[in-house]
Amino acid sequence: MEVDFLKQAAQEMKPWLSRTRRDFHMHPELGNKEFRTSRIIQDSLSEFGIDFQTYEDSTAVVGLICGAHEGKTVAIRADMDALPIQEENEVPYRSLTPGVMHACGHDAHTAVLLGTACLFSQYREQLHGNIRLLFQPAEETTGGAEKMVTAGCMKNPDTDYVIGLHVSSHPAGTVEVRKGAVYGASDRIDIRVLGKQAHGAHPDTGVDAIAISAQVVTALQNLVSRKISPVDSAVFTIGKILGGAQRNIIADEVQMEATLRTLYPETRIFAKE
């Protein structure tokens with residue numbers, strides 16, 4: 001297939017792709033609850049004449065475009081779930097679901113993969129190999145991809161390569177490709193600091209969990225800057241701290257919620273330990 005021919009065909013799909021993306025944006029769904037999104041994907045694949053499968057107790061959809069000629073099987077993955085965030089954008093296609101929005105581009109990812117499915121379904125006779133379409137739930141939480149793999153989404157036929165798609169801040173019309181990891185693994189870290197409550201006038205009779213927490217925050221940032229090579233990559237973010245009863249009481253407990261992002265498995269293991 002000629003590249004210019006495919007680009008022209010893709011350009012002609014632009015109005016439909018825009019409407020589809022905006023529809024997903026208006027109706028965001030949280031992880032493992034992407035029921036409407038999954039139904040639209042299934043209806044679209046049926047319309048394109050693409051075989052697909054679903055799994056019990058899952059919103060995942062896996063399609064397969066079989067080319068007329070032998071070749072590799074390449075999977076393309078898009079995530080479907082939204083985030084528990086209230087949308088404040090004043091646009092005609094803003095979220096209609098209070099407290100939920102597509103803030104990470106998964107509406108675009110799903111629309112792009114549907115467009116890819118539509119495009120290549122029309123040219124199976126020229127296709128060498130197969131294209132597997134992975135519509136993944138629950139990327140923002142955990143377990144969406146793992147459950148699909150366990151259920152066999154990479155089999156029959158075996159998948160040779162996977163392309164993981166994600167929008168970024170590059171200028172529109174440009175694509176960045178890299179073999180290996182581009183985005184980091186994300187681990188959720190929960191920390192409890194336990195102290196001993198006392199009156200603020202007598203701090204020596206208690207153990208200040210807030211003061212300890214301040215030291216913990218500093219120490220954890222040093223973990224990245226002083227224990228991990230500068231040519232490696234890790235990000236530790238404490239996004240939420242909760243503790244204390246009132247202004248004149250020594251706090252006996254502080255809770256912290258954090259994320260750890262790493263590119264390489266060995267770095268992930270080291271940082272978590």
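Colleague: Is Phe 48 buried or exposed?
Modeller: Phe 48 is buried, at a relative accessible area of 13%. Buried means under 20%, exposed means over 50% and partly exposed is in between, with a 1.4 Å probe and protein chains only. This is a predicted model, where local features need pLDDT of at least 70, side-chain atom pairs count only at pLDDT 80 or more, and totals for chains, interfaces and linings use all residues. Residues are numbered from 1 along each chain as its sequence is written, and side-chain values use heavy atoms, leaving out hydrogens and water.

Colleague: How many aromatic pairs are there in the whole structure?
Modeller: The search finds two. The ring centres of Phe 5 and Tyr 123 are 5.4 Å apart and the planes are at 80 degrees, so this pair is edge-to-face. To pair, rings of Phe, Tyr and Trp (its six-membered ring) need centres within 6.5 Å; planes under 30 degrees apart are stacked, over 60 edge-to-face, and the rest tilted.

Colleague: Where do Phe 5 and Tyr 123 lie?
Modeller: Phe 5 is in helix α1 (residues 3-12) and Tyr 123 is in the loop between α4 (106-121) and β4 (128-136), so the pair ties together parts 118 residues apart in sequence. Helices (H or I, at least four residues) and strands (E, at least two) are DSSP runs, numbered from the N terminus. Phe 5 is partly exposed at 43% relative accessible area, while Tyr 123 is buried at 16%.

Colleague: And what about the rings of Trp 16 and Phe 48?
Modeller: Their centres are 6.1 Å apart and their planes at 75 degrees, so that pair is edge-to-face. Trp 16 sits in helix α2 (residues 14-26) and Phe 48 in helix α3 (residues 35-48), so parts 32 residues apart in sequence are tied together. Trp 16 is partly exposed, with 27% relative accessibility.

Colleague: New topic. Which helix holds Lys 14?
Modeller: Lys 14 is in α2, and it is exposed, with a relative accessible area of 56%.

Colleague: On to strands. In which sense do β3 and β4 pair?
Modeller: Parallel, over eight bridges, with β3 covering residues 69-79. Two strands pair if DSSP finds at least two bridges between them. Ala 75 stands opposite Arg 132 in β4. The β-α-β crossover from β3 through α4 to β4 is right-handed: with the strands pointing away from the viewer, the path from the first strand over the helix to the second runs clockwise.

Colleague: How many bridges join β3 to β5?
Modeller: Four, and β3 and β5 (residues 161-164) run parallel. Val 74 has Tyr 161 in β5 as its bridge partner.
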